Amino acid sequence: MGNRGTSMEAGTVPDKVSISHRGAKYEIGRGKRYYGIWVAGAPESDPVDRWPETREGWEQAWGRFVAIEKPETIAPVQKTPRTRFKLPRMTAPAALRPRGRGPAWTAAGAGLLGLGVLLGLIGLFPSYIGTHSLAAQTEQLVPHLLYLLTWAVSAVLVAGGLRARSGGARIGALLGAGLSAVTFGLFFADLGQVIAYGGLGAGLVLSLLGWLACAVGSVAALIAPSRAAATVPGSAAVPGSVAPASAEPGNPPGRVGSGGWGAPSRPRATDAGPIALLLLAAVGTVAAFVPSWDTYTLTQASTGASQTVTAGNAFASPAPVIAGNVAVIVAVVGVAVLAALWRPARQGAALLAGAIVPLAAQAISALIQASEPATPAMFGISQSQAAGLTISSGLTPIFWVYCVFVISLLISCAWMLTAPQYQAMPAAPLYPAPGHVPPAQSAGTGEAADSGADNSDTAAEARDSEAGADDNKASHDGDTNGGEDREESTYA
């Protein structure tokens, strides 16, 4: 892309405008949430005509453009090199993406995810840490069931991608990858308790093997070449073809991020606010994850004396457990950043949803644990010493702050799922299709809009009347609304 400076003969137009094609007198492109036609070479702030940023709007804009411009003079705008910061493209090594092996890698990913879920289900029943199994501890059973359910959904989506040319396999792989990244720290924290105190059980071993199978399966499905990517048009555009709806600015069709692989890329300026809220919610979540959540009040009935004890601080544990908690914090922030930058945004939402599942599961586990009666044995008090002692349990205020931030992450995920997928401007044919040319739906402000709509009664009169075009240009020269620099780009 290249900027048109204020001193150039071509003049200046707003910075938010991108030009697709140019003729002898007019040019067509995209403004902020609209398609428009401008007079070539005139310093202007508003288009002659404008249409909504939809496929139908583009077709109407193109029909109007080739009606008022000489078709033989229309040519795509050639983009020029421009120095700018670009995020590195996410590509797998060639050895991991052998040509023609996409279905095999996808099938392997689905199989490993299914194996991991099976191992996790079996691991619910033997002893996990010490003599207790996960199935015997409701506050531990529910989170693990949520993990396994999410991995199972991921396996189904990945397996479904083997038959359908869609992004289901990619969605499933990202969902499983986000879950695996965050649960790594949680499982490592459980293993850290065994390292510190002993009591390794078969249930923990099976659960760790299940996590490993699910994590590897998610990665295998993620790096597998997408079948949907093969259907994305390449650089040689077919006249009249329309880029897929998932194509986004900065990612031309056929490249990473345009509906094939998907990868982190530079977001639109209009997405800055929601992305900032997403990152803020992620940081707030991990900040509220660290302090103690559980509170216990011990009351001696004979004296009326009471004492409140808090428990669950992430950094008040042995070093291996702390390492696992730190891994959770890093994973949550890292996944949130990747999800915010991932394009298409709906794939980023799947990655974020995978990370939200274990965070929500931890909150559910804390609620279940707070609802269960506390026993003196939890505090090392014998039955004889516990005579007349009552213990009530609850949750600290920071826990509810944590819940608010998790809900904020859910809202951000929903926003990403419903975010509009901006279409790239199609490579329309140079000549209009037979039929009626629709008039402009709305026009720019000032005399520029009036002249663009009124100076040509018919398409032929607009092309042949030099005076009408000159009047149009003069009207635009009188427009006083200022603008910024406009970017010119070529769309496939």
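Predicted model: local features only at pLDDT ≥ 70, side-chain atom pairs only at ≥ 80, totals over all residues.
**Overview. The protein chain has twelve helices and 15 strands.** Helices (H or I, at least four residues) and strands (E, at least two) are DSSP runs, numbered from the N terminus. Of the 492 residues, 46% count as buried, meaning under 20% relative accessible area, with exposed over 50% and partly exposed in between (1.4 Å probe, protein chains only). Residues are numbered from 1 along each chain as its sequence is written. Local features need pLDDT of at least 70, side-chain atom pairs count only at pLDDT 80 or more, totals for chains, interfaces and linings use all residues, and side-chain values use heavy atoms, leaving out hydrogens and water.

**View 1. Arg22 and Glu27 form a salt bridge.** The term stands for a side-chain nitrogen of Lys or Arg within 4 Å of a carboxyl oxygen of Asp or Glu; by this rule the count is three. Here the closest N and O atoms are 2.6 Å apart. Arg22 is partly exposed at 25% relative accessible area, whereas Glu27 is buried at 0%.

**View 2. Arg30 and Glu53 meet through their side chains in a salt bridge.** The N to O distance is 2.6 Å. Arg30 belongs to strand S3 (residues 26-31), and Glu53 to the loop between strand S5 (49-52) and helix H1 (55-68); the two are 23 residues apart. Arg30 is buried, with a relative accessible area of 7%.

**View 3. Arg64 forms a salt bridge with Asp49.** Their closest N and O atoms are 3.5 Å apart. Because Arg64 lies in helix H1 and Asp49 in strand S5, the pair ties together parts 15 residues apart in sequence. Arg64 is buried at 12% relative accessible area, and Asp49 is buried at 0%.
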